[in-house]
Amino acid sequence: KKNMGILCLVLVILQLSWSLSSSVAPPSSHLCLPHQRDALLHFKTTISVDCFRDPYPKIDVESWNKSIDCCSWEGVECDNVTGHVIGIDLSHSCLDGSLFANNSLFQLHNLQWLDLSSNNLGGSLLENTSCLFRFHGLQRLNLAYNVFTGTISSKLFSQLVSLTHLNLSNNGFYGLIPHQISLLSSLVSLDLSFYGYESRFDGQGFDMLARNLTKLRNLALDDVDMSDVALTSFLNLSSSLGHLSLSACNLHGELPTQVFQLPNLKALGLSENEKLTGYLPNTNWSNGLELLDLSDCGFRGSIPASFGNLTQIISVDLSGNSLEGQIPAVFGNLRKLTYLSFSSCNLSGPLPITIFNLTRITRLDLSNNHLEGPLPNHVSELQFLEELRLDDNSISGGVPSWLFDLVNLTSLDLSSNNLSAFIISENKLTGNVPSSICNWSSLVLLDLSGNSLSGTIPDCLENLCGTLDLQMNNFSGKIPNSFANIGLRRLLLNDNQLEGLVPSSLANSTSLELLNLGNNKLTDRFPPWLASLSSLQVLILRFNRFYGSLPHSFTGTLSTKLLRNLRGMKDKPRECFIYENHVNVTTKRLEVELTKTCDIFISMDLSNNQFSGEIPDDVGQLISLQMLNFSHNNFTGPIPTSLGNLVALESLDLSSNKFSGGIPPQMTNLTFLEVLNLSNNNLVGPIPHGNQFDTFDNDSYSGNLGLCGLPLSKQCVNFQGPDPPSPLVVEHGGSKIPFFWQVVMMGYGSGVVMGLSLGYIVFTTGRPWWFVRKVERDWQYNFTKWVQRNKVRRN
């Protein structure tokens, strides 16, 4: 009976399942409707596929063809019952052309979502908005990262009222964002970030948006000008908001603390609003906050202990604010935190040791503050750490050995502190770099510069890529002969006590861009293998004990080969150095430290040596030089007339040599010249006049008893020199202004010192002084030419 009961139960279950399955509609047998298939194929003919930028397109539009049901095409989704095309996703598909060149795509009236982002599609959305109105039920529209232009039509927002997701970011739209955007009451996500274009919200438009879009969960308006928006409008933002990104929006005033307390807020980005002020709340943070970016704003006050309640926080960036006081120990409790930056915040007090207990941290940046005290001796929680920046503080004591055991570390910057030794165990110090540094395989930046570290450098750095910066310490011994990595880009060992030869293994570092060995005790000839470093942009060998005459190191085959192969010193740089290399440059009688270089400054300094003989005419080929210093040597013979070709020159110092003959009149072609020093030579004859030479005073010519003419009091008698020829000008892009290439500072030190040094011009935020000076030089050049033309007309 028991078995019969079980059998009956099974039969009942089977019958019930059969009856249920028979009541469910069978899978759709509908194929793609022919007129919609033809519309898609016609759209395909109106655009081209260009994968130059992205070699791996997401969707292969070329695979669309009639032999396959279009509902099976890549990027196309159809309704299972009706067969209508309801969704198209062609993002990242290398599409090129105008979206509005043909209306065939807009025949798909049942479309619910359209994603054409990250292509190269263009056209004016204002002029062609009516095409979009055919998508009556469109809910999702993503046209981000294309090249659409013009203003956004208010009709777009008044007609497509069913939209829930709208992304028009990273295009070429401009102008006032229409108030009608507040009509899109169903919006859940809105991204109008335009990054550098002149789109803007006025106060009324944003206030209407904040009040009416009550379902909004994601709002991104990065780089939209919101300078007219009152921050009190933020009090009306939807309580459902989870993501708010308003970076670089020209916000100003004090931010209401209620923004930090939106109940569903997970991500808040307000970076690069320098006039945005306020205080971090002491209580009632949004408990679900995961990302907080307030970098480069004007927030004040201390960092509250309430941060310890943000148990879901993953990323915090408060860098570049006006905070004060100490970093609270509560950050050590935030176990999900992966990124933390308090750089340039004016924080002080002891280094918070608890921060080194963050188990998931990958990037920690506390640089450029006033933190003090030692690094912890023991740490076992940082196995995921990839970048550590503690530079520009007052951290003292030793560099702990556990740092060299972090196998995932790619960047370590402890520069400009008070570190004096390396710790090999809890109570033992050593002067040498620990051998465990040899275990690093992924490191791309090691910066220990500007400390008081000593000892020798280990001979096991062949795996190091990127940057090694040990400058301004007390390292001694020889430079390791192990630099054979093609990935090494920057090596700075200057201002130490290093001796011996320059290692020939550096010839294998063919990616080397910056080499600074200055201010050591190196004894060597000029390294001939430098000719193989075609990427070299910065070379500094000054203030060492290099020897050899100039003819053997600057002229002849080597000179020609160097000028031919060192493309990094001749060509326009492809990118700016993102790493702050500190290089001291002596120019215009001043020594300056140049950092954050993105512009070009080309200089040659052979001063304070024992070079002799004549200056080769080849120097006149270096037409991008902006500073030339051959002073305090034993050069003889005439000043080369080819110096008149250096039309970009701003500073020229040939003082304290044994030059003879006259000052070449061709040098009046140097219309950018601001500093000239020809003093203490054996020059004779009249001083040329015209252009910049009319601005120099007696100091430029003193100590040359045979010179005459203004500004000197000695008059010239019966001497008439030749007229200066036209300057050698390189035309580029239709302009006769010299094309400025990359940063080079080539310098030689005192005594028997010989070297080349290249330097950078500071590129900072705001108005870089190099740009202002360039504008001034262009104005001066044009003004001088105008004066000359008018003189001719008057005569």
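This is a predicted model: local features need pLDDT of at least 70, side-chain atom pairs count only at pLDDT 80 or more; totals for chains, interfaces and linings use all residues.
In which sense do S20 and strand S22 (residues 322-324) pair, and over how many bridges?

View 1. S20 and S22 pair in the parallel sense, over 3 bridges. Strand S18 (residues 275-279) and strand S20 (residues 298-302) likewise pair in the parallel sense over 3 bridges. Arg-300 in S20 is the bridge partner of Tyr-279, and Ser-322 in S22 is the bridge partner of Arg-300.

**View 2. Surroundings of Thr-164.** The loop between helix H4 (154-159) and strand S9 (165-167) contains Thr-164. Thr-164 counts as buried because its relative accessibility is 18%, and the limit for this class is under 20%. Leaving aside residues up to four places away in sequence, Thr-164 touches Gln-139, Arg-140, Ser-186, Leu-187, Val-188 and Ser-189.

**View 3. Aromatic pair of Phe-173 and Phe-194.** The count of aromatic pairs comes to 14. Phe-173 and Phe-194 form an edge-to-face pair, with 5.9 Å centre to centre and 70 degrees between the planes. Phe-173 lies in strand S10 (residues 172-173) and Phe-194 in the loop between strand S12 (189-191) and strand S13 (199-200), so the pair ties together parts that are 21 residues apart in sequence. Both Phe-173 and Phe-194 are buried.

**View 4. Aromatic pair of Phe-635 and Phe-659.** The rings of Phe-635 and Phe-659 are stacked, at 6.2 Å centre to centre and 10 degrees between the planes. This pair links distant parts of the chain, 24 residues apart: Phe-635 is in strand S46 (residues 634-637) and Phe-659 in strand S48 (residues 658-661). Phe-635 counts as buried at 0% relative accessibility, and Phe-659 is buried with a relative accessible area of 0%.

**View 5. A cluster of aromatic rings.** Phe-260, Trp-285, Phe-299, Phe-307, Phe-331 and Phe-342 are linked into a cluster by ring pairs.

Terms used: Residues are numbered from 1 along each chain as its sequence is written. Side-chain values use heavy atoms; hydrogens and water are left out. Two strands pair if DSSP finds at least two bridges between them. Helices (H or I, at least four residues) and strands (E, at least two) are DSSP runs, numbered from the N terminus. Buried means under 20% relative accessible area, exposed over 50%, partly exposed in between (1.4 Å probe, protein chains only). Contact means heavy atoms within 4.5 Å. Rings of Phe, Tyr and Trp (its six-membered ring) pair if their centres lie within 6.5 Å; planes under 30 degrees apart count as stacked, over 60 as edge-to-face and the rest as tilted.
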